[in-house]
Amino acid sequence: MRRIEPVPMHQLVVNEILRGISVGELAAGDALPSERQLAADLGVSRVTVREALDVLTRQGYLVKRRGSGGTCMVQPSPQLSPELRAHVQGRWQALSEVLDFRAAVEGEVAALAAARRTDRDLLALEAVQARLGGVTGSGVFRRLDSEFHGLLAAATRNEMLIDAVERARSAFFLEMDMRLPESQFQTYIARTTQAHRELLDAVRDGQGERARTLMRAHILQTARDSEDSVFETGS
């Protein structure tokens, strides 16, 4: 058996706030609720909330709002702070393994979705894709991106795959959201939108093998973009 390591309570709060940021529930520039409200919502003490906010501020995810009595907001800048960059660089091998897992699992998800999708699934995917095409902000983009991948997983009618996709995406984006310079971020949005369009066409046409190949290529491109962002090797 493996040793069970206790998780500090404030780290659970950190993870929950990062989950909200990673799926776009909290967008860049959004103000967080007060410490009192967060403590009530999450069922923890204000001291625990304060510890979590301090960690996220040091890592560059949050900034203190001036004249707000300590209220925090999601970092408006898309840049990685030096501390957060160093943290993610140290974790890159583990994050790469998550991306490998995503490529394997979500490739099969796409293939199964092509075989099992219903007209209702297609309508939902089309609606998200249409909204994705006009996105400029990182928060809205991340929310719609997560929704698209979640809908594909739901189309498999397999609860284990749905759970695996959600957990793998959270494991990656909890530690690293895409924080690219504006020019690169717009390129990333355009590339993702195109990849989703091709995936949707393959799923609609029942082309399972093509959907599998496209999904794997999409996630491997995300891996390259992420590595460029973390190690500053991109153009």
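Analyst: Happy to. A residue is buried under 20% relative accessible area, exposed over 50%, and partly exposed in between. Keep in mind that this is a predicted model.

User: Then how does V140 count, and why?

Analyst: V140 has 34% relative accessibility, so V140 counts as partly exposed.

User: Where does V140 lie?

Analyst: V140 is part of helix α7, which covers residues 138–154. Its C-alpha atom is separated by 26 Å from that of R157, 17 residues apart along the chain.

User: Switching to α2: which residues are buried there?

Analyst: In α2, residues 35–42, the buried ones are E35, L38 and A39. They fall within an arc of 100° seen down the helix axis, so they line one face of α2.

User: What do those buried residues pack against?

Analyst: The buried residues of α2 pack against α3, residues 46–59. On the face turned away from the buried side, you'll find the exposed residues R36, A40 and D41.

User: And what follows α2?

Analyst: G43 does, with a positive phi near 75°.

User: New topic, cavities. How many of 30 Å³ or more turn up?

Analyst: A search of the whole structure finds one. The largest cavity holds about 50 Å³ of space.

User: Which residues line the largest cavity?

Analyst: Its lining is R102, D145, H149, R169, F173, Y188, H218 and T222. By class, that lining has three charged, three polar and two nonpolar residues.

User: Which helices each supply at least two of the lining residues?

Analyst: α7, α8 (159–173) and α10 (208–231) each do.

Terms used: Residues are numbered from 1 along each chain as its sequence is written. This is a predicted model: local features need pLDDT of at least 70, side-chain atom pairs count only at pLDDT 80 or more; totals for chains, interfaces and linings use all residues. Side-chain values use heavy atoms; hydrogens and water are left out. Buried means under 20% relative accessible area, exposed over 50%, partly exposed in between (1.4 Å probe, protein chains only). Helices (H or I, at least four residues) and strands (E, at least two) are DSSP runs, numbered from the N terminus. The arc is that of the directions from the helix axis to the C-beta atoms. Contact means heavy atoms within 4.5 Å. On a 1 Å grid over the protein atoms alone, a cavity is a set of points where a 1.4 Å probe fits but cannot get out, and a pocket is an open set with protein on both sides within 12 Å along at least five of seven lines; lining residues have an atom within 4 Å of a point. Grid points are joined across faces, edges and corners, and a volume is the space filled by probe spheres set on the points. Ala, Val, Leu, Ile, Met, Phe, Trp, Tyr, Cys and Pro count as nonpolar, Asp, Glu, Lys and Arg as charged, and the others, Gly among them, as polar.
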